[in-house]
Amino acid sequence: MLVLSAAPGKAVFAQDPAPPTSAVPAETAVPKGTPTAQAITPAFDPASATRAYIDSIPADKRARSDAYFEGTYWLLLWNFLLGSGVALLLLNARISARLRDFAERKTRFKALQVALYAIPYVLLVTVLTFPLDAYEGYFREHAYEMSNQTFGEWFGEQAKGLGLELVGMPLLLMALYAVFRRAPRTWWIWGSGVLVAFMLVGIMIAPVFIEPIFNTYKPVTNTAISEPILTMARANQIPVAQVFEVDASKQTKRVSANVSGFMGTARIALNDNLLKQCTLPEIRMVMAHEMGHYVLNHMGKFVVFFGVIFVIGFALGRVVFEACMRRWGTRWGVRGIADPAGFPLLLLIFSTYLFLLTPVFKTIIRSAESEADAFGLNVSREPDGFAKAALKLGVYRKMDPGPLEEFLMFDHPSGRTRIRMAMDWKAANMAARLYVPPPAVVAPAVPPATKQ
């Protein structure tokens, strides 16, 4: 999914001085090096145009966004280390075994024992990881001016998320440990199936039941915005009849949109930041990108991909789990794979496996994002809209990383890569006379303040 961010803007299109709600702000000037309809020449240079766009970002804003994004590299490590430390604490202090013993005293039914283990487990882990969660989700976001929430509002949403986890985690563990009890030798195969099944259910119910818990969705009433989007959707066989606006500005300053859902639950949604801060060409390109994910069936491909990852991870996990049981099982009070007291160990093994595969995950996702970018360009035919959207993404994502850094740490193409793709598309289609850039619509200049 393409996720963008931009500073607030209030200007509107010159031809629509008094638009209805969800107005679109004025087009900003095209940086030098990007030709308009009055300046089309065979000499258009995509590299120079790309550099012109990147150089249009003030140096202080570039430094700020670079620092913000580079900080996420460390957060990836700190989250892994904290999660590993919590798992080892629960095992070595026999806290996990005590939670299991508590559940066994309350009921003799195995499934209920797992549920009674899962609830205090979730609550305990939430408390132990809360300081880092608060720093990452609230204090750091405010330090970089990304959040619109008060601490109370942020905490309330964390409480909602905890409530969902207190429902979802017991159900997941009940299903997993039912498999572990019934298939002690092949649990790693059937356990992977359980995870994939829960993933599919989550994809289907999230747009309808989960996302509305945190935000309000309403139809976009401005047909100047909704109709071009629906036209692209109809042309690409996406079964939707409305475009929805979500009130994400109550949480964040970031701009985002998505085409979500699966098997009849498809929905096109744009957040209100996108509608307020971006021009119509940018909105068209962003939504064409999102439609690319849907049309190219990236969600289904990701499910297959993660299913393979789960099978391999559980296969490796079985070997490591059994080795740990032989050495430390008695010390931890864990009886085997069917014992929920061993869940922190299983989670530790699997999270380590996934952490080591971080570059693989990012490359797979980045490749899908690049495919959606190409789809979006061909559908929207808005190369400059794409470039300007990429600039806004640069508010919180490093714009011009080194090749190795982008390969290892980026789950989306960098702003530089995206703008270059757009400028290459523009040059190729201009040369073939398949594309004529529209005249630049420049926002009226703000008159200088008069001296008192």
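Strand S2 (residues 217–219) and strand S3 (residues 243–246) run antiparallel and are joined by 3 bridges; strands count as paired if DSSP finds at least two bridges between them. Lys 218 has Glu 245 in S3 as its bridge partner. S3 is also joined to strand S5 (residues 267–271), by 4 bridges, and these two run parallel. Here Val 243 is partnered by Ile 268 in S5. Strands (E, at least two residues) and helices (H or I, at least four) are DSSP runs, numbered from the N terminus.

This is a predicted model, in which local features need pLDDT of at least 70 and side-chain atom pairs count only at pLDDT 80 or more, while totals for chains, interfaces and linings use all residues. Residues are numbered from 1 along each chain as its sequence is written, and side-chain values use heavy atoms, with hydrogens and water left out.

The protein chain has 15 helices and 5 strands. One of the helices, H5 (residues 151–182), has 32 residues and reaches 46 Å from its first C-alpha to its last. That is close to the expected 46 Å at 1.5 Å a residue, the expected span being 1.5 Å times one less than the number of residues.

Over the protein chain, 48% of the 452 residues count as buried. Among contacts (heavy atoms within 4.5 Å) between residues at least 6 apart in sequence, 77% join residues at least 24 apart.

Definitions and conventions. Buried < 20%, exposed > 50% of the residue type's maximum accessible area, 1.4 Å probe, protein only.
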